[in-house]
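Dear colleague,

Please find below the structure that I am handing over to you. The notes that follow set out what was found in it.

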Amino acid sequence: RAWLREQIEQGYIAYEHPIEKKKRILSKLNESEVLEKFSGTKYVGQKRFSLEGGETTIAALDAIISTAADHEVQEVVMGMAHRGRLNVLANIMGKTYEQIFSEFEGSARMDQTMGSGDVKYHMGYGSDVKTIDDKGIHLKLMPNPSHLEAVDPVVEGFARAKADIMYKSDYNKILPILIHGDASVAGQGIVYEVLQMSYLKGYYTGGTIHFVINNQIGFTTDFDDARSSDYCTSLAAAIQAPVFHVNGDDAEAVIKV
């Protein structure tokens, strides 16, 4: 926390990313944008739960994973609902376009235990990737057969069990990341329930990054009518977790955070 305080007090004075990092950010934004544009053009009317407007998420996850790998993290476990899931699978997890679009075409063999319909948004995925600094890290996106936040405790439980069994309870080796919409953070009790268990001996995972994509509207409800607090993340004050608000259109500021 002392490190965090020091960083904040220095302020955001003329912070410049090196040119290679800027190119990486642009590359990730392009990948994200191209997938959404292609899906929207080719599969008109199909449910695709677009990440449009929140493309910086891909650049941010890429930066988080690279930084984690630089600090000896061996695995990242992610949980999210449907919005942006295909983009994360393609541009973070490394699932091929061929696999993704064959699911759109209906030619992929589905796991029948998972049902049908929008099953492509339910499935999990695991992969080993190389970061920009050529560090290896294992990524796991947990299956989530819900449009909501049912996956949150599953991610934490998976991370805890893996850390205990594989890494002898060294919780710095595995990083949970939960990706939320702003309305779900404020409106779904499961988010707070998971948060308030974070320091309990039986549930501790060493800390989780909650990435909240705030589009100012929860389904059909304006934020003024959706919560009593100023921000959806106000519940983090219960455990004194630091919260950063950053303009999602400023990709470089998001990466700095």
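The model is a predicted one, in which local features need pLDDT of at least 70 and side-chain atom pairs count only at pLDDT 80 or more, whereas totals for chains, interfaces and linings use all residues. Residues are numbered from 1 along each chain as its sequence is written, and side-chain values use heavy atoms, with hydrogens and water left out.

Of its 257 residues, 40% are buried; buried means a relative accessible area under 20%, exposed means over 50%, and partly exposed lies in between (1.4 Å probe, protein chains only). Among contacts between residues at least 6 apart in sequence, 72% join residues at least 24 apart, a contact being heavy atoms within 4.5 Å.

Five strands form an open sheet of mixed pairing, in the order β2-β3-β1-β4-β5. Its edge strands, β2 (125-130) and β5 (209-213), each pair on one side only. Two strands count as paired if DSSP finds at least two bridges between them. On average, neighbouring strands of this sheet are turned by 20° against each other, direction ignored.

Within the sheet, β1 (residues 75-80) and β3 (residues 136-141) pair in the parallel sense over four bridges, and methionine 78 has leucine 141 of β3 as its bridge partner. By contrast, β2 and β3 pair in the antiparallel sense over six bridges. Aspartate 128 has histidine 138 of β3 as its bridge partner.

The hairpin of β2 and β3 has five residues between the strands. Aspartate 134 lies in this loop and has a phi near 65°, a positive value in a residue other than glycine. Most residues other than glycine have a negative phi. Aspartate 134 counts as exposed, because its relative accessibility is 56%.

The axes of α6 and helix α8 (residues 189-196) come within 9 Å and cross at roughly 25°. The two helices are therefore roughly parallel, a description used for angles under 35 degrees, while angles over 145 count as roughly antiparallel, 65 to 115 as roughly perpendicular and the rest as oblique. Asp152, Pro153 and Glu156 of α6 make the contact with Ile190, Val191 and Val194 of α8. These residues divide into four nonpolar, no polar and two charged; Ala, Val, Leu, Ile, Met, Phe, Trp, Tyr, Cys and Pro count as nonpolar, Asp, Glu, Lys and Arg as charged, and the others, Gly among them, as polar.

Glycine 189 is found in α8 and is partly exposed, with a relative accessible area of 42%. Glycine 189 and glutamate 149 are 40 residues apart in sequence, and their C-alpha atoms are 9.2 Å apart in space.

Threonine 56 is found in α3 and is buried, with a relative accessible area of 11%. Not counting residues up to four places away in sequence, threonine 56 touches Leu29, Gly248, Ala251 and Val254.

Glutamate 72 follows α3 and lies in the loop between α3 and β1. Its phi is near 70°, a positive value in a residue other than glycine. Glutamate 72 is partly exposed, with a relative accessible area of 47%.

With kind regards

Key
Axes are lines fitted to C-alpha atoms, for helices over the stretch in contact, and angles run from 0 to 180 degrees between N-to-C directions.
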